[in-house]
Amino acid sequence: MSVYNSLDSITEELHKCMKCGNCMAVCPIYKETRQEVGVARGKISLVEYILSGEIEMTKGMGDRFSLCTTCMACNTNCPCGVRFDKIILAARAESVRKKGLHPVKKIAFTALKMQRAFDFGMKAGSVFQAVALKNIPNRHSKLARMRVDIGIGKEKVFPMLSKKTLRSELPEVITVKNPKMRVGFFTGCMINYFYTDIGRAIVEVLTENDIEVVIPKFQACCGIPASVNGDVTSARALAKRNLRAFERVGADALVVACSSGGTAWKHVFGELLENNPELKALADKWAKKSYDISEFLIHQVPFKKESLGRVARKVTYHDPCHLNRGQGISKEPRQILKSIPGVELIEMKEAGRCCGMAGSFSLVHPDLSVQISEYKTADIAQTLTDTVATGCPACRLQLQSGLENSRVDEEVLHTIQILAESYRAGTKERKNS
Amino acid sequence: MLAREALQELVQVLGAENVLTEQEDLLTYAYDATAAMKHHIPEVVVSPLSTEQVAEIVKIAIRHNVPIYPRGSGTNLSGGTIPIEGGIVLSMLNLNKILEVDQDNLTATVQPGVIIQALNEEASKCGLLYPPDPGTVTTATMGGSVSECSGGLRGLKYGVTKHYIMGLQLVLANGEIIRWGGKTVKNVTGYDLVALFTGAEGTLGIITEIIVKLIPAPETRKSILAVFDDVDKAGNAIAAIIRNKVIPATLEIMDNVTIQTVENFVHAGLPMDAEAVLLCEVDGYKEVVEREAVLVERILKEQGAVQVKIARDDKERDLLWLARRSALPALAQKRPTTVLEDATVPRSKIPDMLKAIRRIATKHNLQIATFGHAGDGNLHPTILTDERDLEEMKRVHLAVDEIFETAIALGGTLSGEHGIGIAKMKYLDWEFGEAGVAALRHIKEALDPNYLFNPGKIVRRD
């Protein structure tokens with residue numbers, strides 16, 4: 001039984017918790033609020049009271065369950081092996097079943113489902129965004145801040161919406177001479193609408209390695225924003241659409257460049273669709289050949305090193321929670337960075353500490369999100385590097401925002417953007433010599 | 001029921017943001033880390049930001065006659081923070097400043113909400129150490145560990161929390177703020193009230209500031225692991241090490257049940273049929289550590305250890321400690337409920353205690369694994385069970401009774417480091433007799449006649 005269907009699915013998980021409170025040592029939210037309800041132990045107790053019938057699900061309970069970035073640091077520190085990530089997802093789904101979805105989230109997730117309307121909205125947004133957003137002078141990328149506070153604070157820095165989405169900018173199939181294999185690229189929303197530069201870098205690196213890339217036009221949002229907030233219906237619809245879109249084009253493997261997308265393809269789709277044998281089989285088939293791009297380049301290709309050129313950067317790497325703890329990928333991006341000539345990798349203090357973005361968490365709890373990001377900004381500043389690499393566009397946004405607000409001059413890039421830069425430098429070096 | 005006026009007064013003193021009254025929040029202060037303990041929901045949770053606010057809260061509690069339950073991180077193992085009579089939970093977590101590290105006097109002054117690890121990180125910047133290190137060092141607060149007089153792994157050489165508390169600022173049950181002790185090594189002015197309030201489990205006064213003793217951090221350390229095929233041989237080895245004038249910083253023991261569970265869990269390379277494993281760490285100046293390590297190795301072999309391993313570097317040290325560090329997690333994952341006791345005996349009685357625990361386990365058909373701080377006689381018999389199995393829980397309670405009975409018969413004590421709280425109240429007269437329990441009650445009533453502070457803990461009201 002999956003966590004999305006019933007609270008009963010986590011009964012055993014709850015019984016494992018011995019209330020030792022070790023989760024308090026690592027929870028980024030508890031560090032800020034110092035209230036028991038902020039930490040896993042507190043929310044586990046609430047779910048226990050609900051299951052034992054001592055109290056009923058309330059709207060207030062849903063508010064408390066929103067206090068989690070799902071960073072999974074507590075999982076790692078738990079002596080009893082409690083998977084709190086499962087518990088929180090089940091609790092949120094139950095809260096939505098019993099008390100409904102927050103109205104703002106309802107509108108947002110419905111929009112995600114309506115792909116064309118959403119595309120149109122985003123396109124219109126790219127034209128009219130100047131009305132709401134104010135440009136910030138930044139030498140690395142186009143950033144903006146809200147002109148007025150619409151309830152998410154004015155602290156957050158946003159990347160400007162791209163004039164053209166990645167999927168409209170690139171053809172559906174990008175061919176190469178003598179392809180080694182054909183890879184499907186799941187772009188995810190942030191790369192499609194905001195960070196098209198990451199998307200282009202992924203395609204560049206793959207084609208450089210003689211891989212044909214197919215980007216199905218009708219792929220959708222990964223659905224993680226909906227599933228982590230308990231909107232199982234929307235998440236399920238999106239999972240189906242994605243599976244069908246990729247099934248239609250077919251590919252030897254599927255790559256993603258964001259940690260949510262990876263989590264979705266590897267784990268969540270199968271869990272959401274467990275009651276539909278046909279779709280479940282499809283989800284499992286694709287789960288087996290889904291890879292994060294860094295994992296793919298290290299273990300499946302392996303990527304060409306002889307054509308890499310020099311990139312003079314001092315880089316520190318931030319581990320996205322859902323890539324590191326969620327998928328066990330932390331060595332691969334570092335291996336890629338270390339293989340690039342000229343790149344000096346300098347580790348920050350707590351590379352694996354949550355940046356505080358956590359998708360819609362940062363919109364619902366903007367102040368907490370900013371407080372959490374301040375630790376990250378300070379750790380980055382201490383490294384005296386010029387570049388922060390990471391493997392997730394959502395983290396990139398949060399890191400950029402934090403650094404901008406503290407006036408720390410660092411460029412934030414996806415690991416693969418630096419690799420693409422190195423291939424470009426290599427081509428140039430070869431031309432010049 | 002808490003009067004509406006009381007609530008209004010609390011909000012006035014603390015601001016609404018520091019007063020929690022919603023059910024969803026209150027429910028999360030109804031328990032602590034103690035296994036198989038009934039929870040109780042408080043009526044309000046308040047988080048003061050200063051000593052003066054604590055005094056104001058106490059005065060409000062006096063006026064409205066509601067109990068106060070002080071709470072740090074709620075990691076104690078005796079029900080010490082459960083608000084058994086409702087009332088006010090006083091969360092000290094926002095009083096979390098390290099006020100000073102004084103290198104000349106080797107002291108630190110901290111607020112009670114400081115996490116022990118945070119103090120150690122600050123002290124280590126000056127090459128100093130605060131030795132008490134309970135298993136909860138990364139989560140427990142200073143206020144909580146002073147109130148429970150926490151022990152930990154370094155008790156044998158460095159002692160426990162009470163050996164490091166030099167001064168306290170407190171709010172008494174009449175709302176007065178007082179200070180006792182300070183930065184002087186010597187202080188015999190009046191009764192030793194710092195000692196009295198240390199380990200009082202928040203039943204006598206509320207700690208609002210703590211002055212602790214720091215020591216120079218040891219230069220280096222060395223770990224040695226020894227495997228025994230006989231519990232008595234391990235017991236003799238412990239005695240022999242001490243007799244040879246070596247005082248290790250830590251001297252830990254794990255029994256056969258623990259070894260098997262750990263080995264299945266982490267594969268640390270321990271023989272499954274070993275009856276006991278000793279893990280010893282010596283620390284200090286490099287030359288001394290080298291000499292002591294060699295000596296300990298020789299003693300362990302002389303006492304019949306079937307295997308002795310010395311860690312040559314930090315990596316090997318971590319490997320040796322892996323088994324010990326994994327003991328509780330490994331046991332905790334075996335069954336849903338983990339009843340962790342801390343009955344303590346003179347260290348010469350460790351083999352007797354281990355054998356008695358095994359007898360008790362067989363008698364009541366229970367899984368009991370024992371590990372703990374052999375060097376200071378503080379064992380952790382750990383009963384692996386399931387709260388939902390009521391019949392088994394009955395046997396668990398009988399076994400716990402017998403463990404305490406045995407510990408006291410061997411010249412030991414009910415609790416080495418977890419405290420009495422609610423969990424061990426009923427056993428007190430076994431150790432003290434009626435007269436002893438009455439004396440405790442007289443002290444409680446002299447300082448807190450109306451049972452305002454943490455009522456229902458340590459002493460029962462008549």
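This is a predicted model: local features need pLDDT of at least 70, side-chain atom pairs count only at pLDDT 80 or more; totals for chains, interfaces and linings use all residues.
## Contact between chains A and B

The contact draws 25 residues from chain A and 23 residues from chain B. On the side of chain A that touches chain B, at least two residues each come from helix H1 (11–16), helix H3 (40–51) and helix H4 (59–65) of chain A. The most is given by H3(A), with four residues.

Sorted by class, the side of chain A that touches chain B comprises eleven nonpolar, nine polar and five charged residues.

## Packing of H3(A) and H6(A)

Two packed helices are described by the angle between their axes and the distance between the axes. H3(A) packs with helix H6 (residues 84–99) of chain A at an angle of about 45°, and their axes are 11 Å apart. H3(A) is therefore oblique to H6(A). The crossing of H3(A) and H6(A) is left-handed.

From H3(A), the residues making the contact are Ala40(A), Lys43(A), Ile44(A) and Val47(A); from H6(A), they are Phe84(A), Ile87(A), Ile88(A) and Ala91(A). By class, this contact has seven nonpolar residues, no polar residues and one charged residue.

Val213(A) belongs to strand E6 (residues 211–214) of chain A. Val213(A) counts as buried because 24 other C-beta atoms lie within 10 Å, and the cut-off for a buried residue is 20 or more.

Leaving aside neighbours within four places in sequence, Val213(A) is in contact with Ile174(A), Val183(A), Phe185(A), Val203(A), Leu206(A) and Thr207(A). Val213(A) and Ala251(A) are 38 residues apart in sequence, and their C-alpha atoms are 8.7 Å apart in space.

Definitions and conventions. Residues are numbered from 1 along each chain as its sequence is written. Chains are lettered from A and ligands numbered from 1 in the order in which they are written. Two residues are in contact if their C-beta atoms, placed from the backbone, lie within 7 Å. Ala, Val, Leu, Ile, Met, Phe, Trp, Tyr, Cys and Pro count as nonpolar, Asp, Glu, Lys and Arg as charged, and the others, Gly among them, as polar. A residue is buried if 20 or more other C-beta atoms lie within 10 Å of its own, exposed if 12 or fewer, and partly exposed in between; C-beta atoms are placed from the backbone. Axes are lines fitted to C-alpha atoms, for helices over the stretch in contact, and angles run from 0 to 180 degrees between N-to-C directions. Angles under 35 degrees count as roughly parallel, over 145 as roughly antiparallel, 65 to 115 as roughly perpendicular and the rest as oblique. A crossing is left-handed if the near helix is turned anticlockwise from the far one by less than a right angle, and right-handed if clockwise.
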